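Dear colleague,

Please find below the structure that I am handing over to you. My findings follow it.

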Amino acid sequence: KSIDLAGKIQLSDEFLIPALDVNGLPFAALQGVILTPWGLSLGTQKGLPANMSVLGLRFFEGKQVVFDLPAGTLQISAGDAGPPPAGWMAVPYERMDEGLLLHLADGKKTYRLVLDTAASISIIRSSAAVAFSQVAQCAFDLGPDLPCRSITLALPGGKSVSPLLMPLPDEFQADGILGTDFFMQMPVLFDLQHQLLYLRPPAG
């Protein structure tokens with residue numbers, strides 16, 4: 001049983017893959033659910049295609065993962081690969097049922113945001129931001145009678161991300177999500193064996 005960001009509750013069948021080999025890298029006891037299209041579609045955007053599959057966080061347990069969206073690459077290695085080379089910045093994070101949460105601030109409030117590589121854009125719960133942060137108008141088409149509003153959060157290396165303000169279900173415990181617009185800014189390294197998270201800001 002699950003609920004998505006649109007507040008839709010659904011039941012899904014579970015499955016278990018005892019062992020899987022991906023290019024010589026072993027994966028064990030992979031648990032998942034049969035995909036039912038989900039998600040919060042904004043404006044003219046469409047949800048996930050019915051024939052698409054999704055790799056969740058549990059797939060990468062015990063592994064080291066470099067998600068480099070600017071380069072269009074995903075690198076998975078055994079968890080004993082060691083620390084990353086120079087240029088990577090370790091950042092604090094939380095882990096909860098909704099995923100890995102990064103803390104970002106705009107000088108007035110710190111937001112707890114779930115890293116979501118499947119999301120096309122970042123969003124923040126409107127009620128968490130309106131009273132604290134400077135809200136700007138934006139041009140994203142959210143549909144009839146839905147004004148586009150956003151705030152700007154600073155990232156390491158002089159970058160920034162501007163999540164849209166949207167109502168989110170009460171069951172969603174975080175303040176929002178960081179999507180593709182965040183991951184396009186810099187590579188992210190997840191070390192799920194040692195519970196570490198790194199960012200690689202642009203040099204200079």
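Which residues does F190 touch, not counting residues up to four places away in sequence? They are K63, Q64, V65, F67, L100, L115, F183, L196 and L197, where a contact means heavy atoms within 4.5 Å.

This is a predicted model, in which local features need pLDDT of at least 70, side-chain atom pairs count only at pLDDT 80 or more, and totals for chains, interfaces and linings use all residues. Residues are numbered from 1 along each chain as its sequence is written, and side-chain values use heavy atoms, with hydrogens and water left out.

The chain has 19 strands and two helices (DSSP runs, E of at least two residues and H or I of at least four, numbered from the N terminus). Of its 204 residues, 37% count as buried, that is, under 20% relative accessible area with a 1.4 Å probe, protein chains only.

F190 also belongs, with L115 and F182, to the residues with the most contacts inside the largest nonpolar core, which has 32 residues. Such a core is a set of buried Ala, Val, Leu, Ile, Met, Phe, Trp, Tyr and Cys residues joined through side-chain atoms within 4.5 Å. Among the elements giving it two or more residues are β5 (63-68), β18 (188-191) and β19. Another core, of 14 residues, lies apart from it and includes V114, C148, F172 and A174.

An open antiparallel sheet has the strand order β6-β5-β18-β19-β7; strands pair if DSSP finds at least two bridges between them. Its edge strands are β6 (73-78) and β7 (89-90). Two bridges join β7 to β19 (residues 196-199), and A90 stands opposite Y198 in β19.

Yours sincerely

Technical notes:
Buried means under 20% relative accessible area, exposed over 50%, partly exposed in between (1.4 Å probe, protein chains only).
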